[in-house]
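Dear colleague,

I am handing over the structure below, together with some notes on what turned up when I went through it. Please read the notes with the coordinates open beside you.

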Amino acid sequence: MDSNNYSTTEINQKLSNGYVGFSKEVKKAAKYVMDNPAEIPLHSIRTVASNADVNPSTMVRLITILGFKRYDEFKTIYKKAASQMPVSNFTSHAKDLLSEKHKNPFSDAEANVYKSLSGAFNEKTYKAIDSSVDKLMKAETVYILGMRSSFSMAFYLHYLLHFILPKTKLIRGQEGMLLSEISQINANDVVIVFGASPLSLETTKALDKIKKREAFIIVATDMYTSQAASNADIIVALGNETLNFLPSILPYAAFSEILVSQIMTKGGKKMLARIKKFEDELSEMGAYIRPSQ
């Protein structure tokens with residue numbers, strides 16, 4: 001088959017039309033291809049098959065059904081599609097929002113909230129969070145980085161963690177100090193990086209520098225194929241649903257809260273004592289207004 005005369009849209013149409021007649025394993029492979037087009041141009045057939053939880057022979061069978069002789073022909077179509085994709089989708093998301101007709105806009109928004117959260121968390125996510133907890137509790141210092149729209153995610157996790165892990169630092173990158181902050185990182189540290197799409201140039205440059213410091217890197221991003229994931233020791237993929245025109249921060253806030261709750265649970269009384277000490281100090285300084293009697 002001539003890959004120049006074929007598109008990912010046509011592949012998806014062919015997969016949809018034939019889906020009912022596919023075997024159970026081929027259905028799994030087909031669903032994975034339709035749901036994860038960005039992964040195809042990045043990986044070998046063995047990796048794609050592994051991610052789809054099928055044997056490589058099943059992927060070969062699927063490609064044959066589609067009329068391709070070799071995986072490279074199939075992969076070329078997705079490479080071409082990826083090269084034509086815009087860097088960001090702010091405008092297209094906004095257009096979609098404006099074109100939708102809502103009988104009850106608040107119910108629709110609530111449904112999108114549930115969708116963004118339910119799609120983000122699964123066994124793979126929980127396993128990554130569990131592995132992250134152990135690393136964070138043993139770290140000499142925990143650094144947190146988030147650039148541009150991801151900064152709010154980083155700040156929230158930093159605020160939660162600084163109650164229970166005193167040696168937690170937020171990398172702010174202000175006044176041109178980003179490289180100076182990164183220079184303090186060492187091999188005994190853990191760095192959590194928030195990198196939602198579209199990934200900023202600053203984030204990729206910072207990750208390259210952090211990797212050279214030999215720290216353990218945890219990346220919270222939208223997809224396992226994100227460029228941010230290439231330097232990660234642990235990847236937490238949280239999806240890219242949007243409720244407006246930017247990626248939703250809700251899965252990232254939920255990730256932060258689940259992560260901190262697990263650290264507290266594993267830390268036990270030591271964590272409780274740290275929270276009480278911090279709370280008492282804030283109370284002494286008059287940080288909060290006492291509720292009206």
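Helix 3 and helix 4 are roughly perpendicular to each other, since the angle at which they pack is about 105 degrees, with the two axes 8 Å apart, and angles of 65 to 115 degrees are counted in that class. Please keep in mind that this is a predicted model, and that the values in this message are computed from it.

The packing of helices around helix 4

Helix 3 covers residues 45–52, and its side of the contact is made by I45, R46, V48 and A49, which meet P56, M59, V60 and I63 in helix 4. Sorted by class, this contact of helix 3 with helix 4 comprises 7 nonpolar residues and 1 charged residue, with no polar ones.

Helix 4, which runs over residues 56–65, also packs with helix 2, residues 24–35, and here the axes come within 9 Å and cross at roughly 75 degrees. Helix 2 and helix 4 are therefore roughly perpendicular to each other as well. The residues that helix 2 brings to this contact are E25, V26, A29, A30 and V33, and those on the side of helix 4 are T58, M59, R61, L62 and I65. By class, the contact of helix 2 with helix 4 has 7 nonpolar residues, 1 polar residue and 2 charged residues. M59 is listed in the contact with helix 2 and is listed again in the contact with helix 3.

Salt bridges

Searching the whole structure gives 10 salt bridges. One of them is in helix 2, where the side chains of K31 and D35 meet with an N to O distance of 2.6 Å; because K31 and D35 are 4 residues apart in that helix, about one helical turn separates them. K31 counts as partly exposed because its relative accessibility is 44%, and D35 counts as partly exposed at 48%. E25, which takes part in the contact of helix 2 with helix 4, is also linked with K28 and D53 in a network of salt bridges.

As for accessibility, D280 is partly exposed, with a relative accessible area of 35%, and E281 is partly exposed at 35%, whereas K277 counts as exposed because its value is 52% and the class begins over 50%.

Individual residues

Helix 13 also contains L272, which counts as exposed at 59% relative accessibility. The C-alpha atom of L272 is separated by 8.0 Å from that of I164, although L272 and I164 are 108 residues apart along the chain.

Is T125, by contrast, buried or exposed? T125, which is found in helix 8, residues 123–138, counts as buried, because its relative accessibility is 1%. When its neighbours within four places in sequence are left aside, T125 is in contact with A120, Y224, V236, A237 and L238.

The C-alpha atoms of G267 and V133 are 9.9 Å from each other, while the two residues are 134 apart along the chain.

The protein as a whole

The protein has 13 helices and 5 strands. Of its 293 residues, 37% are buried, and the protein exposes about 17,200 Å², of which carbon and sulfur atoms supply 54%.

Terms used:
Residues numbered from 1 in each chain as written. Predicted model: local features only at pLDDT ≥ 70, side-chain atom pairs only at ≥ 80, totals over all residues. Heavy atoms only, no water. Axes fitted to C-alpha atoms, helices over the stretch in contact; angles between N-to-C directions. Helix = DSSP H or I, 4+ residues; strand = E, 2+ residues; numbered from the N terminus. Parallel < 35°, antiparallel > 145°, perpendicular 65-115°, else oblique. Contact = heavy atoms within 4.5 Å. Nonpolar A, V, L, I, M, F, W, Y, C, P; charged D, E, K, R; others polar. Buried < 20%, exposed > 50% of the residue type's maximum accessible area, 1.4 Å probe, protein only. Areas by Shrake-Rupley, 256 points an atom, 1.4 Å probe, with all protein chains shown as cover. Salt bridge = Lys/Arg side-chain N within 4 Å of Asp/Glu carboxyl O.
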